[in-house]
Each structure stands twice: as structure tokens, then as C-alpha cells.
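I opened the model to go through its sheet, its core and its aromatic rings. My entries follow in the order in which I looked things up.

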Amino acid sequence: MTRQMMWRCEDHEDPFECPDALVRFNAGFQEYGLIIHDGETSVIGIAFCPWCGSRLPGSQRDR
């Protein structure tokens, strides 16, 4: 997960335009999500790491 969060594409500045970008972190709400490559900026929230299954820190959206 750390490697995916630190990864930057050489060809696409916007992760929503890059087919290799998989995970997005919203610092404002402390939320992780999988990028939905639908031509927009869609993300589906996740509570567990897709690679190892570890629980991710909880969202701060309700604070």
C-alpha cells in the first residue's frame, strides 16, 4: 500500500487519467479509496488494504 501511495506516473500528472494508478488517499478525511477509471474522478472507499487485508485507519469524515 505504501508503494502504491508513493508511486507517481511519468506520463500522467493526474492519477485519474493514469490506468496504472489504483489507490487514492484523501488527506482531508483520512480516507483511502480505489480509483474507478470511468473518465471522471470516481473513487470507492475501502476499509482494508487490497494487498494484505490489513484494516486501514478509520475515516475522519464525521469529525
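**Start of the chain**

I looked up M1 and found it partly exposed, at a relative accessible area of 22%; buried means under 20%, exposed over 50% and partly exposed in between, with a 1.4 Å probe and protein chains only. This is a predicted model, in which local features need pLDDT of at least 70 and side-chain atom pairs pLDDT 80 or more, while totals for chains, interfaces and linings use all residues. Residues are numbered from 1 along each chain as its sequence is written, and side-chain values use heavy atoms, with hydrogens and water left out.

M1 belongs to the segment before α1 (2-6). Helices (H or I, at least four residues) and strands (E, at least two) are DSSP runs, numbered from the N terminus. I then listed contacts of M1 (heavy atoms within 4.5 Å). Setting aside neighbours within four places in sequence, M1 touches V23, Y32, I46, C49, P50, W51 and L56. M1 and W51 are 50 residues apart in sequence, yet their C-alpha atoms are 7.1 Å apart.

**Core**

Which residues make up the largest nonpolar core? I noted M5, V23, Y32, C49 and L56, 5 residues in all. Such a core is a set of buried Ala, Val, Leu, Ile, Met, Phe, Trp, Tyr and Cys residues joined through side-chain atoms within 4.5 Å. Beyond four places in sequence, L56 has contacts that include M1, Y32 and C49.

**Sheet**

I traced 3 strands in an open sheet, ordered β1-β2-β3 with antiparallel pairing. The edge strands, β1 (23-26) and β3 (42-46), each pair on one side only. Two strands pair if DSSP finds at least two bridges between them. I counted 4 bridges from β1 to β2 (residues 31-36), with R24 opposite G33 and N26 partnered by E31. Between β2 and β3 there are 5 bridges; I36 is partnered by S42 there.

Both connections are hairpins: β1 to β2 has 4 residues between the strands, and Q30 in the turn has a positive phi of about 55°. For β2 to β3 there are 5 residues, and G39 in the turn has a positive phi of about 90°.

**Rings**

I searched the whole structure for aromatic pairs and got 1. F25 and Y32 form a tilted pair, 4.7 Å centre to centre with 45° between the planes. Rings of Phe, Tyr and Trp (its six-membered ring) pair if their centres lie within 6.5 Å; planes under 30 degrees apart are stacked, over 60 edge-to-face, the rest tilted. F25 is partly exposed, at 29% relative accessibility.
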